[in-house]
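Please look through the structure shown here before reading on. The paragraphs below take it one part at a time.

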Amino acid sequence: MATQKKTSGKTGNKSVVNAAQKDTAKDAQQQATEPTLHQQVGRGSHETQRFGEIVSRPHGLDTKVAKASVTALNQVLADTITLRDMYKKHHWQVVGPTFNQLHLMYDKHFEGQAALVDVIAERIQVLGGISLAMAADIAEETKIPRPPRGREPAAVQLSRLIDAHTLIIKEARELAEKASDAGDSGTDDLLVSDVLRTNELQVWFLSEHLVAASPV
Ligand SMILES: [Fe+2]
């Protein structure tokens with residue numbers, strides 16, 4: 001009787017072990033084929049590189065130099081994203097006899113700024129940094145004053161955009177010089193050829209609208 005019990009106990013344990021092995025195999029199969037969702041609230045939520053940290057990249061620059069350029073570029077990025085979005089706000093909200101002209105120009109400039117955002121952000125990644133991205137973070141970092149939610153007259157819109165451009169232009173010139181001095185020619189070139197040139201051209205288009213028209 002005792003032997004029988006022992007034997008059935010062994011068989012029972014064996015079947016429990018087999019069932020557990022099958023479960024493990026099934027779990028592994030599911031893990032390989034099913035998406036693991038909601039990781040932002042689970043154990044899988046973790047950063048692989050924290051903001052501000054620099055990882056090594058084969059760009060041949062000293063880590064200190066790369067870090068300084070990443071910090072500078074993130075400031076230009078925050079301001080460029082803000083200016084880009086201000087263009088869309090004004091594209092939607094513009095009124096007055098020059099509506100169509102400004103509406104179209106604002107959208108064209110928006111596209112130019114959106115292209116800049118991408119090259120700046122990717123330069124930061126090239127250097128081994130992490131680029132700012134989300135609106136809440138941009139709002140905390142930008143130096144451009146926050147415009148009101150409501151509509152403003154066309155001349156005030158133009159003035160606000162010009163001030164934002166001037167801020168970025170000064171910033172780009174200063175940071176380009178620092179990048180050049182540090183030997184980071186790629187960042188220097190991006191800040192001059194892309195950021196500076198685009199902003200200088202766009203601010204010229206805007207400022208011509210604020211010249212008082214004189215009858216011939
Ligand atoms: Fe539109």
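Predicted model: local features only at pLDDT ≥ 70, side-chain atom pairs only at ≥ 80, totals over all residues.

Residues are numbered from 1 along each chain as its sequence is written.

The domain assignment divides the protein into domain 1 (1–46) and domain 2 (63–208); such bounds come from an automatic or database domain assignment. Taken over C-alpha atoms, the centres of domain 1 and domain 2 are separated by 55 Å.

Next come the helices. Helices (H or I, at least four residues) and strands (E, at least two) are DSSP runs, numbered from the N terminus. The expected span of a helix is 1.5 Å times one less than its number of residues. Helix 5 has 29 residues and reaches 42 Å from its first C-alpha to its last, close to the 42 Å expected at 1.5 Å a residue. After helix 5 comes Gly-183, which has a positive phi, near 95°.

Helix 6 covers residues 185–208, which is 24 residues, so at 1.5 Å a residue it should span 34 Å; its end C-alpha atoms are 33 Å apart, which agrees. Helix 6 also has a kink of about 30°, centred on Leu-196. The bend at a residue is the angle between axes fitted to the seven residues ending there and the seven starting there.

Which residues of helix 6 are buried? They are Thr-187, Leu-190, Leu-191, Val-195, Thr-198, Asn-199, Gln-202 and Leu-206. A residue is buried if 20 or more other C-beta atoms lie within 10 Å of its own, exposed if 12 or fewer, and partly exposed in between, with C-beta atoms placed from the backbone. The cover over the buried residues of helix 6 includes helix 2 (63–93), helix 3 (99–126) and helix 5 (154–182).

Helix 3 packs with helix 6 at an angle of about 170°, and their axes are 11 Å apart. Axes are lines fitted to C-alpha atoms, for helices over the stretch in contact, and angles run from 0 to 180 degrees between N-to-C directions. Helix 3 and helix 6 are therefore roughly antiparallel to each other; angles under 35 degrees count as roughly parallel, over 145 as roughly antiparallel, 65 to 115 as roughly perpendicular and the rest as oblique. On helix 3 the residues making the contact include His-109, Gly-112 and Leu-116, and on helix 6 they include Asp-194, Val-195 and Thr-198. Two residues are in contact if their C-beta atoms, placed from the backbone, lie within 7 Å.

Two residues of helix 3 can be taken in turn. Leu-116 is found in helix 3, and it is buried because 22 other C-beta atoms lie within 10 Å. Not counting residues up to four places away in sequence, Leu-116 touches Thr-80, Asp-194, Val-195 and Thr-198. Tyr-106 is found in helix 3 and counts as buried, with 22 C-beta neighbours inside 10 Å. Leaving aside neighbours within four places in sequence, Tyr-106 is in contact with Tyr-87, His-90, His-91 and Val-94.

Ser-69 has its place in helix 2, and with 27 other C-beta atoms within 10 Å it is buried. Its contacts, not counting residues up to four places away in sequence, are Leu-127, Ala-179, Asp-184 and Thr-187. Ser-69 and Leu-127 are 58 residues apart along the chain, yet their C-alpha atoms are separated by 8.0 Å.

Is Asp-184, in turn, buried or exposed? Asp-184 is buried, since 25 other C-beta atoms lie within 10 Å. Asp-184 lies in the loop between helix 5 and helix 6. Not counting residues up to four places away in sequence, Asp-184 touches Leu-61, Val-65, Ser-69 and Ala-179.
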